[in-house]
Amino acid sequence: MPAKQRKKPATATAAPAEGFTPERFERELKDLAAKAKSDTWSNRLARQLSAYVQAGVLLTLLGVAANVSSLNLSPVYGSIPAAIWHSKLIMAGCFVGWAGNMALRQALPFKTPLLLPLVALYAPAVQWFLPGYSSTLGARWGPLLAESLTLFPIAVLTAASVADQLEKTRVKLLPGFIADAAPGLGSWAWLKFIESFSASHIQANMGRNLIYTRMGLELALGAVYAILNPSKLLLYAVPPLLHTALFNTHVPVPSVTSSLVSSMMSDGWLLLERRESVTGYVSVVQSLEDGFRAMRCDHSLLGGDWINHRGGKLSEPIYGVFVMLEAVRLAERANPVADKDARALNIGLGVGTTPSTLVTHGINTTVVEIDPVVYEFAKKYFDLKENNPPVLQDAIAYTRQLAATAPESYDYIVHDVFTGGAEPVDLFTLEFLQRLAALLKLDGVIAINYAGDLSLPAPKVIFRTINRVFPTCRVFREMARDDKAVEETGTDFSNMVIFCTKSTELLTFRAPKAADILESSTRRTFLGLEHEIPQAEFLAENDESVLSKNDTSAVVSWHEQSALGHWSLMRTAIPAHVWERW
């Protein structure tokens with residue numbers, strides 16, 4: 001019995017040794033030979049191309065997601081405050097993901113890309129919840145928190161996934177440091193290209209259908225991520241999807257809009273209509289308590305009127321600056337022109353206060369407006385008056401063509417473009433203003449609406465640019481300067497109108513008559529142009545720089561501060577909850 005027991009261990013150890021038989025060794029050699037045979041140049045190239053394509057798709061989705069993220073912040077914060085941290089967060093996220101891809105791969109019990117659908121599908125719920133705290137966070141920090149919870153993790157996961165894809169595809173023919181840097185530099189270049197291209201494409205098609213809306217694009221991105229990275233983890237996306245389907249009022253479908261209307265009415269506000277379009281999120285709201293109606297675009301007001309004062313020759317506007325623009329026809333001219341014989345070009349529509357007045361006076365008026373939804377809402381909700389079809393296209397391209405074919409055609413030009421707290425620089429450049437001067441008759445008058453912080457250098461640059469083209473100008477602000485408020489806040493944000501001519505003779509205005517006032521208390525108050533700003537305030541500094549299309553840095557650098565001031569001002573015009581529940 002002991003002898004038999006000693007033989008058993010020998011038999012047990014012999015069994016594994018049978019795995020290394022000559023037959024198995026020969027089979028493994030054949031497998032290695034087959035792998036070596038299949039590892040041809042073409043197969044290696046195919047694997048590399050496959051890795052590049054997968055990385056390119058992920059970066060493409062991130063580029064689109066970056067634009068969609070900004071679009072979802074703009075109704076609550078405005079496009080400029082939403083951009084303060086935007087690029088920095090993308091860059092930081094890509095750096096963290098690229099440098100930490102190995103740590104992520106080791107820390108996660110599953111592949112990194114599988115988290116992308118979850119983050120993308122949770123984003124709508126996060127962006128619905130956080131706007132309620134926008135007044136507390138402010139326009140500077142609110143976008144930072146929102147994108148830190150949505151866009152930043154997408155950037156981290158995308159960069160880590162791309163790094164995993166490309167780490168085995170380095171170009172070995174290049175020097176070591178170039179081969180190491182090439183994948184990262186190439187990925188960043190592709191991302192920035194896609195971000196720029198998709199921004200133009202999305203803006204041009206915004207509002208065309210349900211997909212081309214803020215929520216439609218977000219949900220489409222989440223669906224694409226889910227299709228490319230299917231897993232059981234998608235079960236965790238059910239709660240945010242249910243929230244979006246049942247409670248998210250940002251979804252632009254009739255049933256959800258009806259729910260939002262009911263909710264806002266309980267707070268004393270009526271949402272008449274909303275739409276997403278090429279210039280932003282456009283809606284018409286009405287205060288049931290105060291009795292005024294206004295049109296908003298993102299986080300700015302395009303104008304409005306008092307409902308209780310309708311029924312006269314013209315509606316009563318809520319902003320005096322649009323009435324001030326009407327004073328363009330009160331400018332005294334060497335050769336006066338009767339209203340019925342005059343022609344006016346109105347660039348920028350808003351709710352149509354100024355062009356409606358010009359038409360009422362019998363002036364042949366052409367409106368140039370880039371956003372068809374703004375025009376539609378102005379006609380539908382603000383009694384827009386017309387005597388010419390509108391020009392619904394970009395003012396830069398239109399005036400370039402018009403200046404070449406019909407110079408000196410207009411007695412009056414009204415330049416009233418949507419600013420959103422910062423001037424659209426392309427419409428204030430020397431080149432654009434020179435085209436307007438070419439369209440203006442020799443004794444014609446131009447009125448330019450400008451909104452900005454007079455304590456900043458930007459308004460001075462804008463005025464110098466205007467004055468370079470039009471030698472005679474006078475500037476009037478909407479309200480008198482509040483020295484106490486300026487001292488407390490350090491800002492002097494104001495609406496103003498700059499009246500100019502191509503002549504060097506003194507510009508004067510006749511006193512408004514009853515026919516000019518049109519039974520309007522607002523016109524009686526603001527047509528007199530009471531609060532003039534001395535030109536010395538704009539020209540005192542020893543600076544002759546102007547704004548040209550090739551150099552807009554002198555103005556753009558101050559956009560952030562001006563837009564933040566404008567955001568605060570808008571929160572005093574309409575309650576925060578109206579801006580937040582878009």
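The chain folds into 26 helices and 12 strands, where helices (H or I, at least four residues) and strands (E, at least two) are DSSP runs numbered from the N terminus. This is a predicted model, in which local features need pLDDT of at least 70 and side-chain atom pairs count only at pLDDT 80 or more, while totals for chains, interfaces and linings use all residues. Residues are numbered from 1 along each chain as its sequence is written, and side-chain values use heavy atoms, with hydrogens and water left out.

Taken along the principal axes, the C-alpha atoms of the chain fill a box of roughly 130 × 55 × 45 Å. The radius of gyration of the chain is 31 Å, whereas a compact globule of 582 residues would have a value near 25 Å; the radius is taken over C-alpha atoms, and the globule rule is 2.2 Å times the number of residues to the power 0.38.

The domain assignment divides the chain into domain 1 (41-247) and domain 2 (317-580), with bounds that come from an automatic or database assignment. The C-alpha centres of domain 1 and domain 2 are 40 Å apart. Their contact (heavy atoms within 4.5 Å) takes 13 residues from domain 1 and 10 residues from domain 2. Between them the domains bury about 960 Å², 60% of it on carbon and sulfur atoms; this buried area is the accessible area (1.4 Å probe) that two parts lose on being put together, summed over both.

What polar links cross this interface? Six residue pairs at pLDDT 80 or more are in polar contact, defined as a pair of N or O atoms within 3.5 Å, where within protein one must be able to donate a hydrogen and the other to accept it, and residues adjacent in sequence count only if both atoms are side-chain atoms. On the side of domain 1 that touches domain 2, helix 3 (41-77), helix 4 (79-82) and helix 8 (134-149) each supply at least two residues. Helix 8 gives the most, with five residues. By class, this side of domain 1 has eight nonpolar, four polar and one charged residues, with Ala, Val, Leu, Ile, Met, Phe, Trp, Tyr, Cys and Pro counted as nonpolar, Asp, Glu, Lys and Arg as charged, and the others, Gly among them, as polar.

The count between the two domains is one salt bridge, that is, a side-chain nitrogen of Lys or Arg within 4 Å of a carboxyl oxygen of Asp or Glu. Glu560 and Arg140 meet through their side chains in a salt bridge at 2.9 Å, N to O.

The structure as a whole holds 25 salt bridges. One of them joins Asp164 and Arg105, with the closest N and O atoms 2.4 Å apart. Asp164 lies in helix 9 (residues 151-166) and Arg105 in helix 6 (residues 101-107), so this pair ties together parts that are 59 residues apart in sequence.
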